Amino acid sequence: MAARINVSPNRMELLKVKNRLALAEKGYDLLKEKMDALVMELLNTLKIIQKSKAEAITQLKRGYEAVSICMATLGTFETVQAAAESKKEINIDIYVRNIMGIEVPTIQVAGIERNALARGYSLHTTSSLLDIAAEEMERAIKLLIELAELEVTAISLARELEKTKRRVNALEYILIPRLRESMKFIMMRLDELERENFTRLKRIKAILEKRE
């Protein structure tokens, strides 16, 4: 039996408990719908993350292979020197969007994939292999940023899901049972009072009839 809340057994209190119970049950239904929707959204995001991670790993391997070939052909010192001379600035803008009331980031990046001139290293002293290596690594960086956005979104969804689940459980297993138990208690006490009043009235009537 669930513990009841402290209430006075009267009709006004019964009406208050009924209203609270109706509100709690409505809140439970809405939160349950939200929880189900969050589960679907999180599962969908996790599927996208799985695909995005596989693409990023594959692209990173291509990038490392291209860099290895470049070092083997052009020379390690020359490759590292060209990387040091290249421009490393990346413009990142982070915006916020809402998914079911949850704020998640949207990352917009400019200047990742560049042409050979924009990279800043000397074209006269380097090989086209360096251009290929740079292109592959730039693609990998772009995919990693997209993956980071998805993972942050998944974390935000998971946190909101956990918070919603706690609220649903609190309503389902604590508040609603207590309100129902309290309503049952009030109704039982009111019935008892009515029976007591009925018995008292019968006794009073019997006394009055004897006096007549």
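## Thr106 and its surroundings

Not counting residues up to four places away in sequence, Thr106 touches Asp93, Ile94, Tyr95, Arg97 and Glu149, where contact means heavy atoms within 4.5 Å. The structure is a predicted model, in which local features need pLDDT of at least 70, side-chain atom pairs count only at pLDDT 80 or more, and totals for chains, interfaces and linings use all residues. Residues are numbered from 1 along each chain as its sequence is written, and side-chain values use heavy atoms, with hydrogens and water left out.

Thr106 lies in strand E2. Thr106 counts as buried because its relative accessibility is 19%; buried means under 20% relative accessible area, exposed over 50%, and partly exposed in between (1.4 Å probe, protein chains only). The side chains of Thr106 and Arg97 are joined by a polar contact of 3.1 Å. Such a contact is a pair of N or O atoms within 3.5 Å; within protein, one must be able to donate a hydrogen and the other to accept it, and residues adjacent in sequence count only if both atoms are side-chain atoms.

## The chain as a whole

The protein chain has four helices and two strands, which follow the pattern α-α-β-β-α-α along the sequence. Helices (H or I, at least four residues) and strands (E, at least two) are DSSP runs, numbered from the N terminus.

Of the 212 residues in the protein chain, 30% are buried. Among contacts with a separation of 6 or more, 79% join residues 24 or more positions apart.

## Nonpolar cores

The largest nonpolar core holds 29 residues, of which Val17, Leu157, Leu171, Ile176 and Ile186 touch the most other members. Helix H1 (11-74), strand E2 (102-110) and helix H4 (128-211) each supply at least two residues of this core, and H4 gives the most, with 14 residues. A nonpolar core is a set of buried Ala, Val, Leu, Ile, Met, Phe, Trp, Tyr and Cys residues joined through side-chain atoms within 4.5 Å.

Leaving aside neighbours within four places in sequence, Val17 is in contact with Val7, Leu179, Ser182, Met183 and Ile186. A second, separate core has six residues, including Ala66, Cys70, Leu74 and Ala82.

## Confidence

The mean pLDDT of the protein chain is 85, and 88% of its residues reach 70 or more; pLDDT is the predictor's confidence in each residue, from 0 to 100. Among the elements of the protein chain, H1 has the highest mean pLDDT (94) and helix H3 (residues 116-119) the lowest (61). Where pLDDT is low, the predicted coordinates should not be read in detail.
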